[in-house]
Amino acid sequence: NQLRATELQRDDMAQMLVHDLRNPLTSLLAGLHLIDDMQALEPMQAQALQIAQRGGDALLRMVNEILEISKYQAGHLQLDYNSINLPDLLSAASEQVASLAGRANIQLDHRCDNDLPNAQLDGEKLRRVLVNLLANAIQHTAPGGCVRLDASLLADGRLEICVSDNGLGIPSEQIARIFDKFNSGCSARHLGSSTGLGLSFCKLVVEAHGGSISVDSKLNQGSTFTLTLPITPPRPY
């Protein structure tokens with residue numbers, strides 16, 4: 001119908017605009033990094049440059065996420081299955097956000113059942129999923145709080161991974177839309193600068209593995225995101 005055609009046209013236009021943003025943004029960042037390499041700046045100039053670089057890097061990540069999610073939603077997500085040591089996967093994800101947790105004064109713990117078998121998964125994409133969830137949990141937890149990453153094997157042989165925190169939580173009316181593209185899941189007061197793209201990416205990757213992702217949350221008590229995954233591919237690869 002006409003409404004659907006208009007929506008598709010709008011999405012195509014947005015996709016082209018976002019794609020065209022990447023090249024000039026990359027050039028801008030290259031120039032900023034070149035200035036940084038000169039090492040002849042006054043302290044205040046160096047501080048201003050670092051702020052510009054962080055903002056530019058964040059914007060480039062957003063552009064890349066938008067393009068990547070659009071590609072995945074069009075059915076072009078390809079998984080690179082490998083035999084994954086799950087304790088190593090959890091450690092790698094935790095290590096990537098350890099400095100973020102340290103700066104925020106957040107305790108970061110991870111635990112894996114000792115008898116977990118190797119799993120046939122796309123380890124790189126799942127590491128990005130876990131990093132996304134851990135970074136969100138850290139961002140939304142007050143100093144002195146705790147973020148946990150746990151993995152265990154369910155009775156039916158599936159893998160369960162949980163990312164939990166004792167932070168701000170999510171309003172109940174927002175939980176149903178938490179994984180929607182561009183929906184940050186709650187008010188800006190709760191999610192700060194979050195774009196909502198990360199959770200949409202997480203859902204796409206987990207479901208591509210034949211798994212599911214859910215969230216349980218209470219305001220001012222914290223949130224738990226639960227991933228349930230088969231340890232072998234759902235179809236031949």
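Q: Which residue in β7 stands opposite Leu159?
A: This is a predicted model, where local features need pLDDT of at least 70, side-chain atom pairs count only at pLDDT 80 or more, and totals for chains, interfaces and linings use all residues. Residues are numbered from 1 along each chain as its sequence is written, and side-chain values use heavy atoms, with hydrogens and water left out. Strands here are DSSP runs of E, at least two residues, and helices are runs of H or I, at least four, numbered from the N terminus; two strands pair if DSSP finds at least two bridges between them. β5 and β7 pair antiparallel over six bridges, and the residue opposite Leu159 is Leu229.

Q: Why is β7 described as largely enclosed by the rest of the structure?
A: Buried means under 20% relative accessible area, exposed means over 50%, and partly exposed is in between (1.4 Å probe, protein chains only). β7 is largely enclosed because of its buried residues, which number seven of the eight.

Q: What is the strand order in the open sheet?
A: The sheet has five strands with mixed pairing. Its edge strands, each pairing on one side only, are β2 (107-112) and β6 (212-218). Reading across, the order is β2-β4-β5-β7-β6.

Q: How far apart are the axes of α3 and α4?
A: Two packed helices are described by the angle between their axes and the distance between the axes. For α3 (residues 86-103) and α4 (residues 123-139), the angle is about 35 degrees. The distance between their axes is 9 Å.

Q: What is the angle between the planes of Phe179 and Phe225?
A: The structure holds one aromatic pair. Rings of Phe, Tyr and Trp (its six-membered ring) pair if their centres lie within 6.5 Å; planes under 30 degrees apart count as stacked, over 60 as edge-to-face and the rest as tilted. Phe179 and Phe225 are edge-to-face, 6.1 Å centre to centre, with an angle of 85 degrees.

Q: Where is Phe179, and where is Phe225?
A: Both are buried, and the pair links distant parts of the chain, 46 residues apart. Phe179 is in the loop between β5 (159-165) and α5 (188-191), while Phe225 is in strand β7 (residues 222-229).

Q: Is Gln53 buried or exposed?
A: Gln53 belongs to helix α2 (residues 43-76). Leaving aside neighbours within four places in sequence, Gln53 is in contact with Leu29, Leu32, His33 and Asp36. With a relative accessible area of 7%, Gln53 is buried.

Technical notes. Axes fitted to C-alpha atoms, helices over the stretch in contact; angles between N-to-C directions. Contact = heavy atoms within 4.5 Å.
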